[in-house]
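Me: I would like to learn how to read the features of a structure one at a time. Please give the general idea, then the case at hand.

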Amino acid sequence: MLDNLGNLQRTHSCGALRKEDVGKNVTLMGWVARRRDFGELTFVDLRDRDGVTQVVFNAENFPEAHTKAKDVRGQYVIAVVGEVVLRDESAHNPKLATGEVEVQTRELYIFNDARTLPFQLDASPDALASEDLRLKYRYLDLRRPQLQSNLKLRHRVVVEIRRYMDEQGFLEIETPNLIKSTPEGARDYIVPARIQPGKFFALPQSPQLFKQICMIAGLDKYFQIARCFRDEDLRADRQPEFSQLDVELSFATSEQVYALIEGLFVRVFRLIGGDLPVPFPRLSYAEVMLRYGSDKPDLRIQGMELRDLSPALEGTTFAPYASALATGGQVKGIVIGGGAGLSRKTLDELQEFVKRYGASALSSIRLGDEVSSSLLKALGAEAVSTMAQTAGAEKGDAVLIVAGKPKTVTASLGALRNEVARRLKRIPDGVFAPLWVTEFPMFEYHEDDGRYYAMHHPFTSPVDEDVLLFERAVNSGESDLLGRIRAKAYDAVINGVEVAGGSIRIHRRDVQDIVFKALGMSKETARERFGFFLEALSYGTPPHGGIASGIERLMMVLVPTDNIRDVMAFPKTASAADLMIDAPGEVDPKQLEELHLRVVKDE
């Protein structure tokens with residue numbers, strides 16, 4: 001028979017007791033993590049979110065509690081009342097904060113039993129059950145100490161953010177979660193409006209326009225821990241719903257935003273004993289792409305920067321390289337210090353790796369006692385040697401080479417740089433390498449539909465030096481010039497993770513009109529989608545700027561982990577499904593009827 005809680009109250013958490021508490025009468029409550037039966041003595045590890053305490057049931061001293069403890073199993077919910085005693089020195093457990101003491105139990109209360117778990121909670125990281133199984137039983141997976149530790153740290157981070165932003169004079173202002181769809185960027189989650197048939201709300205991808213309207217309203221300094229929703233393909237660092245620190249301030253320069261966020265991140269990283277060097281180094285988008293092939297380079301990785309090998313290939317007749325160079329493509333490589341010993345198997349695996357990024361092949365030069373290269377037969381020893389020299393490789397090194405369109409080459413080598421560093425264990429632990437990436441292109445060209453899109457969003461201001469070029473590109477129809485326009489946009493990157501991104505915004509109606517025109521948006525379409533915002537810009541809008549920092553992305557660096565699901569309480573799968581509650585699911589036909597909707601199934 002199970003016991004009732006009644007008026008029983010716990011006095012301490014299961015992680016609180018220390019040697020100084022010896023002699024105290026205590027009441028602990030929690031889950032049975034483990035039970036060990038030694039006849040006259042029964043030991044139970046009692047756990048809650050704060051830790052574990054060993055409790056002892058002694059048949060000689062308290063036979064009733066000892067007999068009752070025989071019925072206890074793993075994950076039962078219990079309470080114990082007893083005295084804190086010192087463990088024998090030989091029985092100390094240095095792995096537990098409570099490891100010098102235990103509780104001699106007088107009374108045992110069993111509040112609930114538990115079925116056999118579908119997986120072990122104390123399995124090693126390499127032996128965990130499948131992620132899908134753990135997501136189905138997320139309430140059990142969340143009992144694991146590592147996940148609880150992650151969520152406790154997340155709480156501390158959010159508290160510290162709010163404390164810091166308040167100290168800096170910011171107001172926390174909530175913005176709506178039911179807004180208008182503005183299809184520029186990721187896909188919206190759409191919500192039908194029941195009382196206005198045929199019309200729809202959208203869930204916010206970010207509070208972008210509302211925070212700018214806060215500046216127009218004269219609120220001066222805004223922030224929010226905002227919930228955001230994006231219906232896009234998922235990756236290890238992406239979820240359909242997430243939280244971000246959203247910030248906007250009036251009369252802001254980029255320098256003010258940099259200083260604000262650097263100060264915040266210094267405070268946050270101190271929570272884990274991390275030391276961030278300030279000010280963060282800065283590199284333009286053009287420079288990071290040229291050197292690292294990525295707009296979020298991991299600066300913990302030393303060397304392995306991209307090298308242009310085209311000077312060594314002038315006049316080459318090797319078809320893959322000749323074709324790439326003749327059509328505006330590139331031949332580039334990275335040097336792996338001490339990489340001459342890379343095995344054929346490893347090189348084959350790396351070749352398959354770069355193919356994920358569109359590369360057709362990965363060539364290599366290994367400078368051991370003899371030069372070994374997949375290019376010797378096609379290019380000859382002299383040309384191969386010249387390529388190695390152009391790359392800056394020395395004896396004992398390896399050069400890994402990709403040819404093709406510029407985007408393919410940079411994406412492949414940028415990802416390869418990280419992969420090789422990971423495989424060769426050249427990424428130091430406990431080091432944080434921050435960076436500001438600045439002057440992003442304002443627009444990027446999409447070949448699939450032959451048009452330009454805003455790289456960040458269409459409310460980002462061009463750099464002052466490029467305004468005239470921008471106006472010329474739009475008004476004269478020279479759309480090719482749009483790719484040269486730089487934006488007052490910036491990303492904060494730490495350890496290869498984009499942890500924040502923002503910009504100085506457009507505060508003039510005429511400039512905003514030009515941006516919409518550059519994006520191929522007619523005046524009627526701009527008015528339909530953004531009329532409320534364009535009108536607001538006409539009533540005295542101050543210069544302003546801001547930034548947003550993804551809480552989950554930040555947590556991934558702090559923990560650290562490569563999987564965003566490790567820092568969220570209730571994440572979705574890669575197919576945007578919640579396995580625990582079996583969502584998304586079908587709805588009652590009556591609900592669809594009320595919403596004037598019907599489901600059309602594929603035949």
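Reply: Start with burial: buried means under 20% relative accessible area, exposed over 50%, and partly exposed in between, with a 1.4 Å probe and protein chains only. Helices (H or I, at least four residues) and strands (E, at least two) are DSSP runs, numbered from the N terminus. This is a predicted model, in which local features need pLDDT of at least 70, side-chain atom pairs count only at pLDDT 80 or more, and totals for chains, interfaces and linings use all residues. Residues are numbered from 1 along each chain as its sequence is written, and side-chain values use heavy atoms, with hydrogens and water left out.

Me: How many residues of helix α16 are buried?
Reply: Eight of the eight, residues 551-558, so α16 is largely enclosed by the rest of the structure. Among them are Glu552 and Arg553.

Me: What is the strand order in the open sheet?
Reply: Strands of a sheet pair through backbone hydrogen bonds, either parallel or antiparallel. Two strands count as paired if DSSP finds at least two bridges between them. Here eight strands run in the order β6-β9-β10-β22-β21-β20-β17-β11, with mixed pairing. β6 (171-172) and β11 (282-284) are at the edges with a single partner strand each, so one side of each has no neighbour in the sheet.

Me: How many bridges join β9 to β10?
Reply: Nine, between antiparallel strands β9 (residues 221-229) and β10 (residues 241-250). Gln224 has Asp246 in β10 as its bridge partner.

Me: At what angle do helices α13 and α14 pack?
Reply: Axes are lines fitted to C-alpha atoms, for helices over the stretch in contact, and angles run from 0 to 180 degrees between N-to-C directions. Contact means heavy atoms within 4.5 Å. For α13 (residues 467-475) and α14 (residues 509-518) the angle is about 50 degrees, with the axes 10 Å apart. Angles under 35 degrees count as roughly parallel, over 145 as roughly antiparallel, 65 to 115 as roughly perpendicular and the rest as oblique; α13 and α14 are therefore oblique to each other. The contact is made by Phe470, Glu471, Val474 and Asn475 of α13 with Ile514, Val515, Lys517 and Ala518 of α14.

Me: Is Asp582 buried or exposed?
Reply: Asp582 is exposed, at a relative accessible area of 63%. Although not a glycine, Asp582 has a positive phi of about 60 degrees.
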